[in-house]
There are 2 protein chains.
Amino acid sequence: MIKARVTVTLKNGVLDPQGKAIEGALGALGFDGVGHVRQGKVFDVELEGADKAKAESELKAMCEKLLANTVIENYNISVD
Amino acid sequence: MIKARVTVTLKNGVLDPQGKAIEGALGALGFDGVGHVRQGKVFDVELEGADKAKAESELKAMCEKLLANTVIENYNISVD
């Protein structure tokens, strides 16, 4: 069993209204000195087998097909 | 300027319908051998100043107050 973490974040330059809302909320809660906030997603995926290279290429295909919108999002795969 | 990443994930035992939907979708796309999938959130936060210890304690307060629901979610802070 391989455990992997896929992190999907918005590309630079893509507007992130959710992040902006969090910035505003943090300010309203009294947190000063908060700069930009960007929100992303994380997926913890379990895969059968023990071949890490195969798992990584499979995860890459999953990102391209489902987990990330590669027009506006970057993804990062880390296999434990 | 300090850059930090906050990762918020569901605690063990908390149902994750979004993760289950992704499991199903990956299966439907022909990815075999996919076990559990859990989805979480990631926040990239910029903070003014250079005091990492202060930044970390401030981020902890942000998590407790806004970024995470500590009843059902765990959070992890990593300061660059």
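## Around A:E73

Leaving aside residues up to four places away in sequence, A:E73 touches A:V8, A:T9, A:L10, A:K11, A:K41, A:L67 and A:A68. This is a predicted model, and A:E73 sits within strand β3 (residues 73-79) of chain A.

Is A:E73 buried or exposed? A:E73 counts as buried, because its relative accessibility is 11% and the cut-off for buried is under 20%.

Now for another glutamate of chain A. A:E48 lies in the loop that runs between β2 and α2 (52-67) of chain A. With a relative accessible area of 58%, A:E48 is exposed, since exposed means over 50%.

Which residues does A:E48 touch, if those up to four places away in sequence are not counted? They are A:M1 and, from the other chain, B:G33.

## Where the two chains meet

Here is the interface as a whole. On chain B, 32 residues are in contact with 32 residues of chain A. The size of an interface is often given as the accessible area lost when the parts come together. For chain B and chain A the buried area is about 2700 Å², and carbon and sulfur atoms give 66% of that.

How many salt bridges does the rule find across the interface of chain B and chain A? The number is 0. Polar contacts do occur between chain B and chain A: the count is 10 residue pairs, with both residues at pLDDT 80 or more.

## The chain B side

Several elements of chain B build the side that touches chain A: β1 (2-10), α1 (17-28), β2 (34-47) and α2 (52-67) each supply at least two residues. The largest share comes from β2(B), with 14 residues. Sorted by class, this side of chain B has 16 nonpolar, 7 polar and 9 charged residues.

## Strand pairing across the chains

The β2 strands link the chains directly. Strand β2 (residues 34-47) of chain A pairs with β2(B) in the antiparallel sense, over 11 bridges. For a specific place to look, take A:D44, whose bridge partner in β2(B) is B:R38.

Methods. Residues numbered from 1 in each chain as written. Chains lettered and ligands numbered in written order. Predicted model: local features only at pLDDT ≥ 70, side-chain atom pairs only at ≥ 80, totals over all residues. Heavy atoms only, no water. Contact = heavy atoms within 4.5 Å. Buried area = accessible area lost by both parts, 1.4 Å probe. Salt bridge = Lys/Arg side-chain N within 4 Å of Asp/Glu carboxyl O. Polar contact = N/O pair within 3.5 Å; in protein donor to acceptor, adjacent residues only side chain to side chain. Helix = DSSP H or I, 4+ residues; strand = E, 2+ residues; numbered from the N terminus. Nonpolar A, V, L, I, M, F, W, Y, C, P; charged D, E, K, R; others polar. Pairing = 2+ DSSP bridges. Buried < 20%, exposed > 50% of the residue type's maximum accessible area, 1.4 Å probe, protein only.
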